[in-house]
Amino acid sequence: MARSRPYVILGAAMSIDGKIATRTKKSRLSSDRDLMRVHKLRGKVDAVLVGKNTVHVDNPSLTVRHVKGRNPARIVLDPRATIPLNSKVVKTSNAIPTMLVVSDMASPRKISLFAKKGLQVIRCGRTGIELKKLLSILSRQGIKKILVEGGGTTNWHFLKEKLVDEILVTVTPYIVGGKGAVSLVEGHGFDSISYSFKLKQIKKMDNEIVLRYVL
Ligand SMILES: NC(=O)c1ccc[n+]([C@@H]2O[C@H](COP(=O)([O-])OP(=O)(O)OC[C@H]3O[C@@H](n4cnc5c(N)ncnc54)[C@H](OP(=O)(O)O)[C@@H]3O)[C@@H](O)[C@H]2O)c1
């Protein structure tokens, strides 16, 4: 049976204590070997998706660099269209398909600025982003597999709506701590311990382990 939405992989590197960044927003947790694995994975998906805070804080390229492979499309969830015009994803949007997903809260002026820069602006929601609707739009554009690369708030939105098919998380050998440090999953959280995934694979890489969970 044909899927009505893309297959969604949630990928992240976290500390032993479940943080994906320090309280001072440092997020380079992966080893070089793990980074190569992530880049290989990017080469196999149709699109990589992040929340707008990740662009503000990390200014990622979201490209395939450490291995050979094609670049996936890039998707940024940014209800108010706030990411900097000089961020890497914006600056390279003529070469790599890049989508900015906004809500009705984004000003027409901002939308047209991003469109002029070469981004495809998708309006999808009144104040927030309606993820199910977004996934069906992406599906119609031929996107079959998406890698959600955080941050914690974006991860929460996808999990809350039960839109994640697979979780690939690297446990790195660090302890980060801190109430204000971003965890793998932020948001309100679930009330009960009932939403679970099946552990399919464990890969040990020197000082890290990559865990693969599926629904
Ligand atoms: N270690 C890792 O693997 C990794 C990976 C990625 C990021 N990070 C770290 O994570 C941190 C950022 O995480 P974060 O939780 O602060 O932010 P985030 O997930 O990057 O971005 C969150 C923002 O995106 C928008 N958004 C996301 N999903 C939405 C939805 N369904 N509906 C509406 N808006 C949505 C919201 O914008 P509005 O507020 O405008 O509504 C929300 O506040 C950074 O420090 C970064 O370095 C670590």
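**Close-up views of a predicted model**

**View 1. Asp-206 forms a salt bridge with Arg-33, with 3.5 Å between the closest N and O atoms.** Asp-206 lies in the loop between β8 and β9, whereas Arg-33 belongs to helix α1 (residues 32-42), so the pair ties together parts that are 173 residues apart in sequence. The model shown here and in the following views is predicted. Asp-206 counts as exposed at 59% relative accessibility, and Arg-33 counts as partly exposed at 40%. The backbone of Asp-206 has a positive phi of about 50 degrees, although the residue is not a glycine. A search of the whole structure finds 8 salt bridges.

**View 2. Within helix α1, Arg-37 and Asp-34 are separated by about one helical turn, being 3 residues apart.** The two residues form a salt bridge whose closest N and O atoms are 2.7 Å apart. Asp-34 is buried, with a relative accessible area of 0%. Arg-37 also counts as buried, at 17% relative accessibility, because the limit for this class is under 20%. An α-helix has 3.6 residues a turn, so residues three or four places apart point the same way.

**View 3. Helix α5 (residues 131-140) has the buried residues Leu-131, Leu-134, Leu-135, Ile-137 and Leu-138.** These residues cover an arc of only 160 degrees around the axis, which puts them on the same side of α5. The face turned away from this buried side carries the exposed residues Lys-132 and Arg-140. After α5 comes Gly-142, whose phi is positive, near 90 degrees.

**View 4. Lys-132 forms a salt bridge with Glu-161, the closest N and O atoms being 4.0 Å apart.** Lys-132 is in helix α5 and Glu-161 in the loop between α6 and β7 (166-171), so the pair ties together parts that are 29 residues apart in sequence. The relative accessible area of Lys-132 is 53%, and the residue is exposed. Glu-161, at 24% relative accessibility, counts as partly exposed.

**View 5. Trp-156, Phe-190, Tyr-195 and Phe-197 form one aromatic cluster.** With centres within 6.5 Å as the criterion for pairing, the count comes to 3 aromatic pairs. The ring centres of Tyr-195 and Phe-197 are 5.3 Å apart and their planes are at 50 degrees, so the pair is tilted. Tyr-195 counts as partly exposed at 23% relative accessibility, while Phe-197 is buried at 16%. The charged end of Lys-162 sits over the ring of Tyr-195, 4.5 Å from its centre.

**View 6. Leu-199, Ile-202 and Ile-209 make a nonpolar surface patch of about 260 Å².** Of these residues, Ile-202 lies in strand β8 (residues 198-205). Ile-202 is exposed, with a relative accessible area of 56%.

**View 7. A cis peptide bond joins Gly-150 and Gly-151.** The omega angle of this bond is about -5 degrees. Gly-151 is located in the loop between β6 (145-148) and α6 (152-160).

**View 8. Asn-59 has a positive phi, near 45 degrees, in a residue other than glycine.** Asn-59 is found in the loop between α2 (52-58) and β3 (73-77). At 26% relative accessibility, Asn-59 counts as partly exposed.

Methods:
Residues are numbered from 1 along each chain as its sequence is written. This is a predicted model: local features need pLDDT of at least 70, side-chain atom pairs count only at pLDDT 80 or more; totals for chains, interfaces and linings use all residues. Side-chain values use heavy atoms; hydrogens and water are left out. Rings of Phe, Tyr and Trp (its six-membered ring) pair if their centres lie within 6.5 Å; planes under 30 degrees apart count as stacked, over 60 as edge-to-face and the rest as tilted. Buried means under 20% relative accessible area, exposed over 50%, partly exposed in between (1.4 Å probe, protein chains only). A charge sits over a ring if NZ of Lys or CZ of Arg is within 6 Å of the ring centre and within 35 degrees of the ring normal. Patches are made of residues with over 30% relative accessible area and no salt bridge: like charges are joined within 9 Å, nonpolar side chains (Val, Leu, Ile, Met, Phe, Trp, Tyr) within 5 Å. Accessible areas come from the Shrake-Rupley method with a 1.4 Å probe; for residues, only the protein chains shown count as cover. A salt bridge is a side-chain nitrogen of Lys or Arg within 4 Å of a carboxyl oxygen of Asp or Glu. Helices (H or I, at least four residues) and strands (E, at least two) are DSSP runs, numbered from the N terminus. The arc is that of the directions from the helix axis to the C-beta atoms.
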